[in-house]
Amino acid sequence: MCSSDLADLRFAVTNKLTNGQPVQESDLQSVMTDGNAVAESVPLPRPGIQIAESRILRSEHVELAMKPGGKDVQEIRTPGKAQLEFKPNRPDQSHRVVDASHLRVLYGEGSYVDTFWAWNAAVRTDKPASNVRANPDKKASGPPPPALTWSDQLLAKFTANTNQVSTVAQNGHFHYEEGVRKAWSDKALLEQTINRMTLTGAARVLDDTGSAIGDTIVLNQGNGDMDATGHVVSTHQPDKNQKPGTSMLDESKTMQAQADRMQTRDDNTVVHYEGHVVMWQGANRVSADKVDIDRDAQSLHAAGNVISELVDNKSDNGADNKSTRLDASKSIASNAGPSQNVAPGDTDPPIFTIVRAPELDYHDDTRLALYTGGVKLTREKMTVVSDELKAFLTPKTQNNTDQSSLDHAIATGKVKVSDILAGNRTRTGEGERCDYYTKDDKVVLNGGAPQVVDSYKGLTKGAQITYFNSDDHLIVEGEKKQLAYTRMKKK
């Protein structure tokens, strides 16, 4: 059906013989309408095929080209501004309106739409209300917010012989908004049947939980899952209801990450990073080949070339420990990086605990970080090498005045502790187990045959050896019926 203020119909005239007599037949060739032109197409029900949306085209000027024979439409185009409305005929269909500077509609077999082109396109899609109740005690959800897109060019492909939209490709300055979620990219492809959107070229997605940037971002619009690849940068916004404190998953701080690939699942609560991963919250950071985060379980798993850096918190009584922090900048000089800069005006440089290992498992409920596969811990001028290390982070407090991010650590399996003391003096301890306590800067060695070699004082052996990095005080305990052993070095 078509209406307008003015219509120009053109026919193709052919000469034929009918019963031996020459006759002329005319077939509709084209239609040109001017002034408030409206063309409407309402699909007819067909057995076994779901009915498609009705299509309503509005423009000041509409041109129709007919296929040979004049029965089926070949093309519809508008030289000026136009609006194409897809009006639903089923409750599960969306209502879509496309506004464009000009457009073309190409038809395939019969009068079924094959391709739709639009330039400088703005699209509004109103989706139907969900009939699924996530909670039986709650009412069914209302209609979701409209989905809005803008692009320089839009190309929609239709499934053959159905008038059903199959894919929508939007190129050039693509912009998308749906509720709190927004996106930008050079190109976008919507696969209508599976409700998946693929953004390519400087892709960026933003919502109230954070943002993601990548070369390509794939969005599942049905469940919110996201896959990003290529130079990925992500930000997770903090939870304002969380109490601040030291943690590898501190929800009170913004979490940022870089990786080659990222996946989010279950409403952004499960996150997977892969390839050159670096994550940081403030000065704390973790790098690895792979990192998996489960926000509901408050757990983190990192694998492959794991390096974690934890910075000590500053507190009002930080001056009490000033003597143990004066040389921190020298001790971490070899690990300097963006997270280790000292802010202007700070009198004491920060203290970092740096741990390297093949694998890390962290659980926030126990505040325990388990490093396995051969571990190296560096803190100020102390280095601990072991097969495995358990790092217990300082519990969160109301005022967040913890002096150290690391409360204590337990290293096991072929433990070697090395300290650099004043005047190039060194001290090396060995054993099967080492307990280190940051509050007193205390080292406890036991298991196997513990010993301490001091480049100035000599060798000490015992069943358990305790010493403090801040002074020369050593406590040596021997097994029953066996004395502790000390061999003093001659001065």
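**Entry 1: a threonine to start with**

I began with T115, which counts as buried because its relative accessibility is 5%. My cut-offs: buried is under 20% relative accessible area, exposed is over 50%, and partly exposed is in between, using a 1.4 Å probe and protein chains only. Before going on, I noted that this is a predicted model, where local features need pLDDT of at least 70, side-chain atom pairs count only at pLDDT 80 or more, and totals for chains, interfaces and linings use all residues. Residues are numbered from 1 along each chain as its sequence is written, and side-chain values use heavy atoms, with hydrogens and water left out.

Where is T115 found? I found T115 in strand β9, residues 113–126. Strands here are DSSP runs of E with at least two residues, numbered from the N terminus.

Next I asked which residues T115 is in contact with, leaving aside neighbours within four places in sequence. The list is R104, V105, L106, L155, A156, K157 and F158. Contact means heavy atoms within 4.5 Å. I also checked V105 by C-alpha atoms: V105 and T115 are 10 residues apart along the chain, and their C-alpha atoms are separated by 5.9 Å.

The side chain of T115 also makes a polar contact with the side chain of D114, at 2.6 Å. That term covers a pair of N or O atoms within 3.5 Å; within protein, one must be able to donate a hydrogen and the other to accept it, and residues adjacent in sequence count only if both atoms are side-chain atoms.

**Entry 2: charged pairs**

D114 came up again, this time with K157: their side chains meet in a salt bridge, 3.4 Å from N to O. K157 lies in strand β10 (residues 147–159) and D114 in β9, so this pair ties together parts that are 43 residues apart in sequence. A salt bridge needs a side-chain nitrogen of Lys or Arg within 4 Å of a carboxyl oxygen of Asp or Glu. Why would such side chains pair up? Side chains of opposite charge can pair when their charged atoms come close.

E178 sits in strand β11 and K127 in the loop between β9 and β10, 51 residues apart. E178 counts as buried, with 15% relative accessibility.

How many salt bridges does the structure hold? I wrote down 19.

**Entry 3: hairpins**

Two strands pair if DSSP finds at least two bridges between them. I traced one partner: V168 is bridged to L190 in β12. Two residues lie between these strands in the hairpin, and G179 in the turn has a positive phi of about 65°.

Then I followed β12 onward to β13, residues 196–207; eight bridges join these antiparallel strands. Here A183 has V205 in β13 as its bridge partner. This hairpin has four residues between its strands, and N195 takes a positive phi near 55°.
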